[in-house]
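Visitor: I'd like to learn how to read a model like this one. Could you walk me through it?

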Amino acid sequence: MFEAKIDVSVLRECIETITAIVDEGKIKIAEDGLKLRAVDPANVAMISFELQSDVFDEFRFAAKEKEAESGAEDTSESKAETEIGMDFVKLLGILGIGGRKEVELELDEHAQKLFTRMGSLAYTISLLDPSSLRKEPKVPELEFPVQVTIETEEFRRTIRAAEKIGDHIVLGVDGEVFYMEAEGEMDKLRLSLRKEQLIHLTPGTLHSLYSLDYISAMSKGMSHAESITLNLGKDYPLQIEFEVADGKGKVSYLLAPRIESE
Amino acid sequence: MSMPRLCIVCKGSRLLCGRNTCPLLAALNKRSEFDKITNTKDFFGPSTSVFVGRRGYPRVGVGPMTVIEGEELGVEPGRMEEPSEWFAQGLDMEEIIGMRSSMLRAKKSENITSRSKFLSDMSEIAMAEHPTEVELSFENKLSFKISFSDIIQPMGASVNVEKMKVTENPKIPKKVESIVSDELRAEEAAKALYDLGLDVYKVSVILSSGALGLNSDKKMVPTRWSITATDDIIFRRLASQVKEYPPVDSFYVYESSYMDNHFQILLMPSLFEYENFEAWFPGSVWNDALGQRPVVLEEYEGFKGRKRYAAEEGGGYYAARLAVAEALHKMKRQAGVVVFREIHPRYFIPLGVWLVRETVRDAFRKGCEKFETQKEALEYINSGLQSKHEGKLGLKDFEARSVMLRQKRLVDFC
């Protein structure tokens, strides 16, 4: 059983962080909130998403009762969860047309449907069969030597400018300077920010190259966060962490690097 | 198109292209056959296909393709339109040009939406199982002007038609007839014809003849466009299924070569993605800057498919992609696919995209090499690049332009 009420704009900003990476995926519902981990079709980008139940105005969840399993040891309440397959693009579309502030959600597990209600408008979404969706990805074990925290708008502006230049971008740290660099056939762009212009920086010397297609999509997903934290390495995946829904939602993107050409 | 510079210098006498005989002379020899009928106003013979021009669109030159001297040539007229047969028999450039030079394109100016009797005859000829006998009266003298194209097979001459009479009942297979008479959109009908077992060559001729589409919007499609449109329509149909299949379990390399076009195809364990390289060597069709570097072109599409036309490579991109999808569909697997095509100087007259389609199909009919890692597979491809031995081109030249080969995957870090 799952029933909840939430501010439409909060839910939208959460779903937008997901659609930046995947169109559909499996979302886990538990007493403490919602969770999702999904990888894009090319296995290049991943999202880990968590939303605490207390961001909802109402949140009621009870796991499906499992029969005759009480003998097993790990039936602790906290592990009880339900997994549903969701078309996020569709959900986002529905939230966009409601014209209301609040949306009520109600899950019918047997019928595999999610009822949404915004005021007098009721919309029933058919869920996707979780077994038809991609398996939850393995998470690489990564250690990042360098961490940078930057205002989201500064980062997004640079990405927008880089889109005019080429199809990839370098992110790096040189001593106490964080930089983003894009080079096309004709033009070149560089943003450099010293430690004091950033919220946080671990000094170091390294950089990696990334596909702009992916970063641009991620950049749209993070538009509601005030600041983002970048975890970087040398020719290494990029991790971008930020919060949504007043700090009650946590998002972490992972992006595999591109190999630099000589 | 104009003749390559090399040919103008050589004029068939010195064989500068390195061949044993001159393919253009083979074509010009046909001229004497045409000369015999140049003053005749009437023609009787088999029509193997229908050709729709694109100049003047939406008012275009359309009409039956006929064979001037099928019997003397020892070529069955039906074979004139079956590139898969040409490949299977290993015809070389001279033979194909020679054969197609005896094709006469008869044409009449019509609007693409016209519903004239002439055009309904065209649709029937297009759908017929075998060549259909026609009687033509020419408006003017026919002119021998062999034409070549990157998309379309060569043809010999053209003439304006005043009157046409179909002198036998075109034999149209019942199932084809029934698909065409159903109220289906052109795209749906093209898919249904392919599922029936018709090859894309036949489907594209039928599409081009204006036989397909809802009754209210049936129209002709210029031959050049219909070839690529058919490749795209059939690809999308196959791909929607391919994208549901499990990925290949390892790295595979397929290879084939035909008329100085060398293909290597890499399959990688991933969801469907597709990248196509064309390396045009100096002296090959579109790169006549002799002595300079090869020109490498690249086009890519991700899992979600492409919206923009692959302008860099045009029809060749779509022809290769179709053959790849056919192979994956048969294997019931999906993969990340990279096609490496090298076009060497001895391919200096374009013969049409069928050559790409058939060579890629052939690569998948042959065996493959299997590798555990991407690195090993790429090393194999590198050593298989024909141009590598001439020191002109290496894998690096492809990697530098590649979307797929330069992108690491998260699984590489697990």
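Predicted model: local features only at pLDDT ≥ 70, side-chain atom pairs only at ≥ 80, totals over all residues.

Visitor: Which residues have the most contacts inside the largest nonpolar core?

Guide: B:Val339 is one of them, alongside B:Leu193, B:Ile206, B:Ile265, B:Leu266, B:Val324 and B:Val337, in a core of 119 residues. Helix 12 of chain B gives the most to this core, ten residues in all. There is also a second, separate core of 64 residues, with A:Val10, A:Val146, A:Tyr210 and A:Leu255 among its members.

Visitor: How do I read a pair of packed helices?

Guide: In general, two packed helices are described by the angle between their axes and the distance between the axes. Take helix 12 (residues 315-331) and helix 13 (residues 354-365) of chain B: their axes come within 8 Å and cross at roughly 25°. Angles under 35 degrees count as roughly parallel, so helix 12 of chain B is roughly parallel to helix 13 of chain B. Their crossing is right-handed.

Visitor: Which residues of helix 12 meet helix 13 in chain B?

Guide: From helix 12 you have B:Gly316, B:Ala319, B:Ala320, B:Leu322, B:Ala323, B:Val324, B:Glu326 and B:Ala327, and they meet B:Val356, B:Arg357, B:Val360, B:Arg361 and B:Phe364 of helix 13. By class, that contact has nine nonpolar, one polar and three charged residues. When you look at spacing on a helix, remember the general rule: an α-helix has 3.6 residues a turn, so residues three or four places apart point the same way.

Visitor: Is helix 6 of chain B mostly covered or mostly open?

Guide: Mostly covered: seven of the nine residues in helix 6 (93-101) of chain B are buried. Those are B:Met93, B:Ile96, B:Ile97, B:Gly98, B:Met99, B:Arg100 and B:Ser101.

Visitor: What about a lysine, say A:Lys5: buried, partly exposed or exposed?

Guide: Count neighbours. Buried takes 20 or more C-beta atoms within 10 Å, and exposed means 12 or fewer; A:Lys5 has 15, so A:Lys5 counts as partly exposed. A:Lys5 sits in strand 1 (residues 2-7) of chain A. Setting aside neighbours within four places in sequence, A:Lys5 contacts A:Phe56, A:Asp57, A:Glu58, A:Glu102 and A:Glu104.

Visitor: And how many residues do the two chains bring to their contact?

Guide: Chain A brings 18 residues, in contact with 16 of chain B. By class, the chain A side has 13 nonpolar, three polar and two charged residues.

Definitions and conventions. Residues numbered from 1 in each chain as written. Chains lettered and ligands numbered in written order. Helix = DSSP H or I, 4+ residues; strand = E, 2+ residues; numbered from the N terminus. Contact = placed C-beta atoms within 7 Å. Nonpolar A, V, L, I, M, F, W, Y, C, P; charged D, E, K, R; others polar. Axes fitted to C-alpha atoms, helices over the stretch in contact; angles between N-to-C directions. Parallel < 35°, antiparallel > 145°, perpendicular 65-115°, else oblique. Left-handed = near helix turned anticlockwise from the far one by under 90°. Core = buried A, V, L, I, M, F, W, Y, C linked by C-beta atoms within 7 Å.
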